[in-house]
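Subject: Structure handover

Hello,

Here is the structure for you to look over. My notes on what turned up follow below it.

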Amino acid sequence: MYSNQGARMSVDSLSPLSPSARNEFPFHRQGSVTSYPAARRGSNASSIHSIGGHLDTSSSWGQVNESGQNAISTLLQPPIVRTGLLPHTSAPSSSSAHKPPTARDIPPVTLTNIPHVDASEFKPYLTQVGALYEQLRRVKESEEDAADQIFRRKQDLGADLVDEGHLNPGASRGRPLGSRKGSTASLASISSVESPQIRRRSSSGFSRRAAQGPPPLNTIPNVYFDEDFHLENPRTFDVVSERSEVVRQAPGSADEKGANGSATAPRKALATNAILQEKLSWYMDTVEMHLINSISTASTTFFSALGSLRELHSEAAESVDRIRTLRKELGALDQEIATSGLDIVQKRRRRENLQQLNSAVQQLREIVEAVAECESQVDSGEVDKALHSIDALEKLVAGRSRPSIPGSKDSGQPLFDLRGTSALQGVTSDVSTLRFRIGKAFESKFLDILLGDLRRHVDTVSSQEVLLRWSSSAMRSRGGNVRDSSTFPAYLTSTENLRSELMPVVTGLHGSKHVTIAIASYREVVLREIRSLIRRPLPSSNDDDNMTIGSTSTASVSRLSQQEKSSILARNLRALDPQDAEDLYQKIYISVAETLRRLTTQVKVLFDVASSMGETPDPSSGLRSPPPIKSPPLNSANRDLQEDIHLTMDMANLLGQAVDISHDKIVKVLRVRSEQSSHLPLIWFLRYFTLNLLFSNDCESISGRSGTSLKTIVNNHIKDFIQYHGDEEKQKLAQGMESDQWTAKDFAEKDGALLERILESSTKDASAWSEGKEIWTPYTEQDATTNGRPRSESNGTAAKEKTRSAVIEGESFILPNSAILCLEGMSHFVHLIAGIPSMAADISSSLISYLQLFNSRCTQLILGAGATRSAGLKNITTKNLALAAQALAFISTLIPHVREFVRRHAATGPNVNNASVSSLMGEFDKVKRLYQEHQNNIYDKLVEIMGARASSHTKNMKGLDWDKPLEQDGAAGVHVYMETLAKETVTLHRVLTKLLPEGTVRLIMTPVFDSYKRQLGETLQGLDVNGEAGIKRMKSDVGYLNTRLAKIEGFGDTGDYLLNIINAKKVDAPPPAVPEKDEPDAKAAEAAAAGSDKPQQKADEPEKKDGDAAAA
């Protein structure tokens, strides 16, 4: 009961001679095996023989006499007798080298004080061990019952009687029995165990433990169970002998001292170590008890199994005799019954095989006849019947069914699957050929139906409807509100007739397994049709100039090479006028787009037909209400058919290829007309751009491809047109300004409409600018003649018309022809930006250059006096300068509105560059500052002219003799210089007041009068007068000036200032009295007072003089 695995495993971790290992008494665990006692093994304890009998180490280790010193009877002797030594009481022999042990040989026992431990400290341990102790108690009570059950389960008779695992805790590591090396003699033989005539002496308490059971094997040190146990090993011997001395050394020898000279502890003599001998005896007793238990346990089971084995041998012999007799009886039956019956079965099988061969030959004959019938039907064009016959033929070859012939009865012969026979290999190829021919016939019908439907749709579709649909789609994509049409597009209509025509054809193609080939052929036909749609409307490629659009094959052109034909075609394309070119583009674009749209509808109809092919009517639903409308169910047949159509058609790839092919062909046509397209009038180009844009968008929505090649060529045309348009507008402006007489022109209603559109452009686009986008509306040539034409310039021979002025926010502008021409040019640029918002930046740059040209040309013609050479003007008058200033102010006022218009369009779109937009706005601001500086220069020029006139008159003042009497050449009784200066100033004021705003007039006249004040004052101060007559003449001139100009705003205190200067002069000697000369002076003063009331019929004369001065 103590030889369980747990007990043996618990001692593995202990040292060989550990007291705890020897005194440990482990508890049993559930599942421990106690009923398999181990046989006595070749134990390490055999070293006791060497200790007791032979101290000579040269004795043999391999031969151990089991009946000698190691016998159980010998081991039961007292320890001193077992060792072969004399008892302590007997006198030692003189020949013995050993002395009896003395009291000094026994080490003293040191007593230790046992500390008092409180019982409460053992509570955790007792709590932990209590359950195990209770389990141990129950195991002891049921010990006998458990042993009986284990004996009954022991059935293995081939197991070794000696279970080494019970003796050696290390047996679980797989060491085989009898694997010891060196001297590993067994402790005792079984025979010696079975003869216990000599009772062994037991140690104290052994009887009590024997009643409970043998002590566990883990009380024996592990060194005896070591796999490499060799007693001749000094270390092993030292452990087993517990460091006892074999031969005691003489007293005072060198070995008794340690390495440092100190005396070592005394060691016991091996011969007199009774405690060691008692331990070895205890170990032997423990092993012996386990051996006895194991042998007694296995003996009963062994003899019981031996008896059972003998009974099995006798039963097997009887069974062999019965089998031998049965075989003899079966051999007789085989000869009498089985052999004759087998012959009958073989003959029946032969007859059945002959019948099947006959049926197969008849089936072959029917197959050959069916093949001939199918060929005749195909040759006669009855493809539907031929297809059904082929299906029946294939069923006949497969042995599924026999073709039904009207009026004939079924022969009832069985059918066989003959598809693998060699005789029908040729029939299989013939059937494949017939099916291919049938498929080709259905393919031809399939292509004719679909291609005819495409051409019929292209010929009947309305161009206006298509263009309107394109425009609505484009506006919808930009987020605009468009009212959807209540009718379906034309490409979605007329599908019922197409479906009814395609149903039998698709069924035939499916039956002939020709669907994928027909669809692939249809793809090629569609691509060829796209090429033909572009080639068909082109002009003729021969020299006949009378050929119209669409006639390409009536004349014989075989004598021309391909290069010559291409050259003629390019020449005819370039010769098209804008209207014919637009019609050509519309026809090509609409044909291509509608063909692709109708193609998508045809594919949907094909899928609908394919899904309907698998429908079978339900015979049980005759009297029920019709089911709700829904898509037909998909079975394996139509699912495979739809998959074949989808994979072969590959709509995305087909539409992409068609769009790419059409774009490549169209790009070639557009490239030929690149120069003509970029030199179109504004409206025609906007229509050209809109048409290409809508077509490109529609192609992209159909195929998903952006059409890069087409967009690239159109973008190049746009850039070329912007450059050309800017150059043309600049040329028109330069020509118009050079021929301008710089006189006031009437601002007509048409011009007022242009002005209103530009003023509103900062917040919204004018509806008139959408003209170019309405490509569905025909554009007449009459509309084109009024667009962009330079204004005619009259030479003054026509009758004088009423001159109307332009009004901007309450401010009036009297404009020359150049300003109105610039207004028209600006409206063209703004119209172009509204038509092509994506190019707003490029167009705005051209517009800025246009405005800069107007400013620079105005400077050259007016301030630079270029108009005297280009327009034939005699000189640049005040009116010319004032009109130029008004023109600049007018355009400068329009620039902020145009700037906001440009910002509104340039800042919208997918690719907005805010830095570029800001730079562009800065350019407009810079142009406006240039205009304002130009205006200031004109104003300064007017001031400079009047200052030059005043300077000229001051020179005349210096040359006068003020003391001499006044000559009678002045009309107002004053000197001529003063009269001329007053007239020139009044004329200037009148012209400026008529043409310029009041604030601007005041801005000009104030520096003019300041110039008068400064120059006249300095001149008067420098004049020397000898008498009162001279003072009076000076006062008369200044009074005349004050009288004529005092009412003009800005004159200020000029008159008073000049009078003060005159009054400050002193006369040295009074002049002689000349009374006869006073009367003319008085008359001159009166005339000066009345001078301002003279009629203005002579106003032109001083104006001419002023103009001469300006020209100088």
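One definition first: a residue is buried under 20% relative accessible area, exposed over 50%, and partly exposed in between. Glu-900 has a relative accessible area of 24%, so Glu-900 counts as partly exposed. Please keep in mind that this is a predicted model.

Overall picture

The chain has 1112 residues, and 41% of them are buried. Its secondary structure comes to 37 helices and two strands. Take the contacts between residues at least 6 apart in sequence: 82% of these join residues at least 24 apart.

Salt bridges

Side chains of opposite charge can pair when their charged atoms come close. The whole structure holds 31 salt bridges. Three of them are described here, along with one network.

Start with Glu-900. Its side chain meets that of Arg-899 in a salt bridge, at 3.0 Å from N to O. Both residues belong to a network of salt bridges that also takes in Arg-903 and Asp-925.

Next, Arg-349 and Glu-352. Their side chains form a salt bridge at 3.2 Å, N to O. Both sit in helix 12 (residues 274-379), three residues apart, so about one helical turn separates them. Arg-349 is partly exposed, at 48% relative accessible area. Glu-352 is partly exposed too, at 34%.

Then there is Arg-469 with Glu-594. The closest N and O atoms of this salt bridge are 2.4 Å apart. Arg-469 is in helix 15 (residues 463-477), while Glu-594 is in helix 19 (residues 578-612), so the pair ties together parts that are 125 residues apart in sequence. Are these two residues buried or exposed? Both Arg-469 and Glu-594 are buried.

Aromatic pairs

There are 16 aromatic pairs in the structure. Why does the pair of Phe-854 and Tyr-931 count as stacked? Planes under 30 degrees apart count as stacked. The ring planes of Phe-854 and Tyr-931 are at 10°, with the centres 6.2 Å apart, so this pair is stacked. Phe-854 lies in helix 28 (residues 840-863) and Tyr-931 in helix 31 (residues 914-958), so the pair ties together parts 77 residues apart in sequence. Phe-854 and Tyr-931 are both buried.

Phe-1009 and Phe-1051 make an edge-to-face pair, because their planes are at 85° and their centres 5.0 Å apart. This pair also links distant parts of the chain, 42 residues apart. Phe-1009 is in helix 33 (residues 998-1022). Phe-1051 is in the loop between helix 34 (1028-1045) and helix 35 (1054-1063). Phe-1009 and Phe-1051 are buried as well.

Which residues do ring pairs link into a cluster? Trp-470, Tyr-585, Tyr-589, Phe-685, Tyr-688, Phe-695 and Phe-721.

Lys-1013 lies over the face of Tyr-1057. The distance from the ring centre is 5.0 Å.

When you open the model, you could begin with Arg-469 and Glu-594, the buried salt-bridge pair. Then turn to the stacked rings of Phe-854 and Tyr-931.

Best wishes

Terms used: Residues numbered from 1 in each chain as written. Predicted model: local features only at pLDDT ≥ 70, side-chain atom pairs only at ≥ 80, totals over all residues. Heavy atoms only, no water. Phe/Tyr/Trp six-rings, centres within 6.5 Å; stacked < 30°, edge-to-face > 60°. Helix = DSSP H or I, 4+ residues; strand = E, 2+ residues; numbered from the N terminus. Buried < 20%, exposed > 50% of the residue type's maximum accessible area, 1.4 Å probe, protein only. Lys NZ or Arg CZ within 6 Å of the ring centre and 35° of its normal. Contact = heavy atoms within 4.5 Å. Salt bridge = Lys/Arg side-chain N within 4 Å of Asp/Glu carboxyl O.
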